[in-house]
Structure formats: C-alpha cells, structure tokens
Amino acid sequence: SMLEIDSGVITLDPQTASRSLVLSEDRKSVRYTRQKKNLPDSPLRFDGLPAVLGFPGFSSGRHRWQVDLQLGDGGGCTVGVAGEGVRRKGEMGLSAEDGVWAVIISHQQCWASTSPGTDLPLSEIPRGVRVALDYEAGQVTLHNAQTQEPIFTFTASFSGKVFPFFAVWKKGSCLTLKG
C-alpha cells in the first residue's frame with residue numbers, strides 16, 4: 001500500500017540538532033538538556049530553537065511516521081515537517097510561512113503552526129503523534145497515535161525537500177521515533 005509507515009527508515013539528523021538537545025545512539029530519540037553541548041557550528045544546525053530534522057527528506061510520495069511524546073514540567077514538543085530552506089539561525093518563526101508545518105504540544109495547550117497560529121482544543125494531550133505527508137497533494141496530517149483522532153491538516157504547495165521536524169523544550173521533555 002502507498003501508506004506504509006516509514007518510521008523505521010527515519011532517524012534524527014545530528015548535524016541539524018540544536019546544542020541543547022541530546023540524541024540517543026540509535027538516533028531515534030531526542031531529549032532536552034540545560035547544558036548546551038559543545039558542538040561544531042554548521043549552517044545546518046539549529047541555534048535559535050531546540051530543534052532537529054529527521055533524515056531522510058522527501059521530495060515526492062506519501063510517508064508516515066510516528067513519535068511518542070514525553071513532556072517535562074512546563075515543557076513541550078513540536079512535531080511536523082519543515083522545508084529544507086527553513087531558517088536555522090537566530091530567531092526563527094514557527095509557522096507555515098516560515099516553512100514549518102507542525103503542531104506544538106504542551107501540558108496546557110496544543111496549536112498548529114499556521115499564521116497566525118490555530119488553537120487546537122483537544123480532549124486530551126496526545127502521548128504520541130502520527131504524521132502523514134502526501135507530497136503531491138500538499139498535505140500534512142497529524143493524528144493522535146493512541147486514539148487515531150485527527151489533530152490538524154495543513155495544505156501547502158511544497159517545493160524542494162521537506163524533512164520530518166521535531167523540537168523539544170524544558171528538562172524532562174523527550175521525543176522517540178517509533179518503528
């Protein structure tokens with residue numbers, strides 16, 4: 001079927017990971033740390049936001065992946081996709097206009113990175129999110145992985161590669177790719 005879960009092939013790209021993130025050895029899991037790591041700067045690395053891109057990126061086809069979320073005290077996570085041209089240095093906007101199609105989830109609220117943001121009243125904070133990307137249709141759909149409840153659908157016209165996009169903030173927050 002066209003919609004097999006690709007999670008198995010997706011890993012986190014250490015070259016893009018912000019200094020305040022720690023990636024697991026298998027590159028399937030990322031957590032936030034207060035101690036900024038001493039990493040070589042590179043044009044690929046996020047420095048304004050505790051973010052990391054998944055690898056590989058996609059420029060066609062349909063792809064799905066799933067992440068489990070763990071939210072630290074007052075922390076949160078962002079899950080979605082980003083265009084390869086997304087800004088990685090300094091103050092970075094988190095919106096579809098900036099090339100980020102994602103949902104931002106914290107203990108208090110959940111919103112979509114539309115411009116302006118869309119508040120998403122969810123019955124429960126998801127413990128897992130499934131992302132479905134349909135490149136040709138220009139759609140990114142996010143579901144609650146436990147309940148299968150749709151969280152939000154973005155419609156966009158993609159150009160160039162898009163990558164799985166993740167951000168975590170506050171100690172204790174962690175994301176893990178399933179598969």
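## The model

This is a predicted model, in which local features need pLDDT of at least 70, side-chain atom pairs count only at pLDDT 80 or more, and totals for chains, interfaces and linings use all residues. Residues are numbered from 1 along each chain as its sequence is written, and side-chain values use heavy atoms, leaving out hydrogens and water.

Strands here are DSSP runs of E with at least two residues, numbered from the N terminus. Strand 10 covers residues 128–134 and runs antiparallel to strand 11, joined by six bridges; two strands pair if DSSP finds at least two bridges between them. Ala132 stands opposite Thr141 of strand 11.

Strand 11 also pairs with strand 12 (residues 150–155), in the antiparallel sense, over five bridges. Gln139 has Thr155 in strand 12 as its bridge partner. These two strands form a hairpin with five residues between them, and Gln148 in the turn has a positive phi of about 65 degrees.

Of the six residues of strand 11 (139–144), five are buried, meaning under 20% relative accessible area, with a 1.4 Å probe and protein chains only.

## Lys170

Lys170 is located in the loop between strand 13 (162–169) and strand 14 (174–177). Lys170 has a relative accessible area of 44% and is therefore partly exposed, the class between buried and exposed (over 50%).

Methods: Helix = DSSP H or I, 4+ residues; strand = E, 2+ residues; numbered from the N terminus.
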